[in-house]
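Biologist: Hi! Could you walk me through this model?
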Amino acid sequence: SPWPFVAALGGLSSTFGGVLYMHNYDGGGLLLCLGLITILYVMFTWWRDVIREASFEGQHTAAVQQGLRMGMILFIVSEVMFFFAFFWAFFTSSLSPVFNIGGVWPPAGIEAISPWGLPLLNTIILLSSGASVTWAHHAIVGGVKKEALLGLVITIIFAVIFTGLQGFEYVNAPFAMSDSVYGSVFFMATGFHGFHVIIGTIFLSVCTFRLYLDHFS
């Protein structure tokens, strides 16, 4: 399949394009858009091939299914390492703040967002979406289609609400990404997490549509 290679090119283009765009280089925004369009195109075509192979051609043998599971496990491990880097940056900066930021955490002049307001609400929504998608999974395994569809729809609604509240928090944040290491770590970590939520919402929407068409057994 060519799609892993094409997806890697899209990811590389979006990463380089994002960095160039943030540093105001010419062509950075164009490269970023090209990478994102490539990723969206790969998502559509790869899903198309997987659905055709699994639902209509019967090519997902036990060995293929094992390979898909192993690929997902490796992907999750890579995601853990990815976010571990952001946590490392946060704890390194907060536990031993340097003189450049005033020797304190949060840095001097930074007004931190209270964790008991919108962040707490978003955390509750995120945990609730985990419960509803688990309900949907067990309903699929048990062959209860209506409950599975309801669980997936509820999960998607939670995800959309989470994304909207995250965007609202960004717009009203009292600091920017350029405001010392605090702003950089905050927006990079939560931004990539929000991006994962958006991709997951798309995945679940496709799964909901496939479940409606009886593609799962």
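Biologist: How exposed is Cys33?
Modeller: Cys33 is partly exposed, at a relative accessible area of 43%. Buried means under 20% relative accessible area, exposed over 50%, and partly exposed in between (1.4 Å probe, protein chains only). Bear in mind that this is a predicted model: local features need pLDDT of at least 70, side-chain atom pairs count only at pLDDT 80 or more, and totals for chains, interfaces and linings use all residues. Residues are numbered from 1 along each chain as its sequence is written, and side-chain values use heavy atoms, leaving out hydrogens and water.
Biologist: And Cys207, what's its relative accessibility?
Modeller: Cys207 has 29%, so it counts as partly exposed too.
Biologist: How many disulfides are there?
Modeller: The structure holds zero, a disulfide being a pair of cysteine sulfur atoms within 2.5 Å.
Biologist: Switching to helix H2, which of its residues are buried?
Modeller: Gly28, Gly35, Val42, Met43, Thr45, Asp49 and Ile51. They pack against helix H1 (3-22) and helix H6 (180-212), with contact meaning heavy atoms within 4.5 Å. Helices here are DSSP runs (H or I, at least four residues), numbered from the N terminus.
Biologist: What comes just after H2?
Modeller: Gly58, which takes a positive phi of about 65°.
Biologist: Great, thanks!

Methods:
Helices (H or I, at least four residues) and strands (E, at least two) are DSSP runs, numbered from the N terminus.
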